[in-house]
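Reader: Please take a close look at one part of this model, the site where the ligands are held. I would like the contacts, the surroundings and the cover described in one connected account.

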Amino acid sequence: MNIKDILEKNELTKEDLVTLMKIDNPTDLDLLFKKAYEVKAKYVGRKVYYRGLIEISNVCIKNCKYCGIRRDNHKVERFSMNKDEIMQAVKWIYDNNYGSIALQSGERQDSEFVDFIEDIIREIKKLSNGKLGITLSLGEQSYETYKRWFDAGAHRYLLRIESTNENIFKHIHPQDKKHEFQVRKRCLEFLRDIGYQVGTGVMIGMPNQTEEDLVNDILFYKDMKIDMIGMGPYILHKDTPLGQEWEDIVPTTEKRVELGLKMIAITRIFLKDVNIAATTALQGLDPLGREKGLLAGANILMPTATLQDYKGKYLLYDNKPGIDDSVERAKALLDEKVKSVGDEIVYGEWGDSPYFKRKNS
Ligand code: SAM
Ligand code: SF4
């Protein structure tokens with residue numbers, strides 16, 4: 001069956017998805033992206049929602065072998081923003097009428113951290129009269145911790161599964177109790193049971209990751225009833241174990257960007273009304289990555305509002321884009337990009353996942 005026929009089908013099989021994932025010629029790629037944009041327009045609208053991202057700390061108890069801020073990277077200068085600094089960034093996001101905020105950091109599970117986050121969530125709600133939506137991306141926590149943060153006012157949570165191929169998952173994480181696939185999966189279940197809108201995603205374009213693996217990742221999103229997807233290409237960080245091991249065997253930049261865009265497009269076509277982010281990592285490999293992501297079906301952007309002093313210290317991978325731009329400049333550039341695509345930026349609204357509402361109605 002040719003690509004055009006597959007794209008016209010109402011129900012796609014796994015085999016269809018793998019065929020789409022293997023597309024490698026410009027004509028068929030164009031068909032794929034056009035179809036994904038059509039599905040986006042129909043199910044979530046030609047609209048883009050911003051989540052103002054604050055990277056509040058690069059202190060981490062984990063040692064993921066791909067990540068620049070892993071615990072054992074002693075070259076990193078560690079920082080943790082204090083409450084005033086975080087609230088200064090929150091105020092900027094609120095004053096600029098972004099509907100939502102996203103707090104991200106390295107992972108900590110100690111009670112001081114858990115209390116601090118709970119307090120910050122309440123302060124954000126207070127400052128914005130409940131108007132700012134709050135997304136968290138703070139790693140693996142206990143059910144009780146997730147529940148406390150939810151009760152304080154957070155309503156969306158991002159926790160990437162990184163890869164649903166358990167051999168890859170094992171390879172990219174240390175072999176210890178702190179880095180287990182099943183624990184991560186259980187965290188996603190906790191989050192769903194508590195009532196969060198749940199986001200997950202994977203890194204794309206790792207050595208030995210096949211097209212079928214990526215299709216399995218999309219099937220996992222469906223099985224787990226995931227509401228939001230945040231996924232992007234894997235990018236080397238030279239001071240990490242995988243940055244060194246994979247230096248010469250990582251797929252080319254073009255290949256990783258193409259795979260990243262295909263993942264967005266096929267996820268959009270298959271899952272229809274979930275929220276999908278065009279991530280910074282996509283832009284890290286291609287200056288036009290985020291626009292291309294929107295054209296391939298993404299509807300969420302997460303512009304960073306991290307204070308200038310700290311941006312350069314939250315380096316997950318090499319050549320992270322935008323670390324020298326002020327928040328004002330980053331916003332102006334992004335507004336232009338979205339308009340160039342023809343999408344509308346929606347200010348002042350949460351932009352919840354339509355799938356989440358449909359699932360619960
Ligand atoms: N610590 C939390 C966690 O791991 O869920 C949140 C922050 S963590 C830095 C956010 C995401 O960054 C991870 O889920 C991972 O997918 C991504 N990331 C880390 N290193 C990366 C790399 N070298 N290339 C691409 N993405 C990376
Ligand atoms: Fe820590 Fe998250 Fe990086 Fe893993 S991916 S080392 S948990 S910040």
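Author: In this predicted model, a backbone N or O atom of Y66 lies 3.0 Å from a nitrogen atom of ligand 1. S105 also takes part through its backbone, with a polar atom 3.1 Å from a nitrogen atom of ligand 1. The contact made by R184 comes from the side chain, where an N or O atom is 3.2 Å from an oxygen atom of ligand 1. Of the 550 Å² of accessible area that ligand 1 has on its own, the protein covers 93%.

The shell behind these contacts can be described next. Ligand 1 is surrounded by 19 residues, and the closest are Y66, S105, R160, E162 and I235. By class, this shell holds 10 nonpolar, five polar and four charged residues. As for location, ligand 1 sits in the largest cavity.

Ligand 2 likewise sits in the largest cavity. The residues around ligand 2 are C60, K62, C64, Y66, C67, I69, R70 and G106. The shell of ligand 2 divides into five nonpolar residues, one polar residue and two charged residues.

C60 has a relative accessible area of 15%, so C60 counts as buried. C64 is buried as well, because its relative accessibility is 16% and the cut-off for buried is under 20%. A disulfide is a covalent bond between the sulfur atoms of two cysteines. With a limit of 2.5 Å between cysteine sulfur atoms, the count of disulfides is zero.

Conventions:
Residues numbered from 1 in each chain as written. Chains lettered and ligands numbered in written order. Predicted model: local features only at pLDDT ≥ 70, side-chain atom pairs only at ≥ 80, totals over all residues. Heavy atoms only, no water. Near = heavy atom within 4 Å. Polar contact = N/O pair within 3.5 Å; in protein donor to acceptor, adjacent residues only side chain to side chain. Areas by Shrake-Rupley, 256 points an atom, 1.4 Å probe, with all protein chains shown as cover. 1 Å grid on protein atoms, 1.4 Å probe; cavity = no way out; pocket = protein on both sides within 12 Å on 5 of 7 lines; lining within 4 Å. Sits in = over half its atoms within 2 Å of the grid points. Nonpolar A, V, L, I, M, F, W, Y, C, P; charged D, E, K, R; others polar. Buried < 20%, exposed > 50% of the residue type's maximum accessible area, 1.4 Å probe, protein only.
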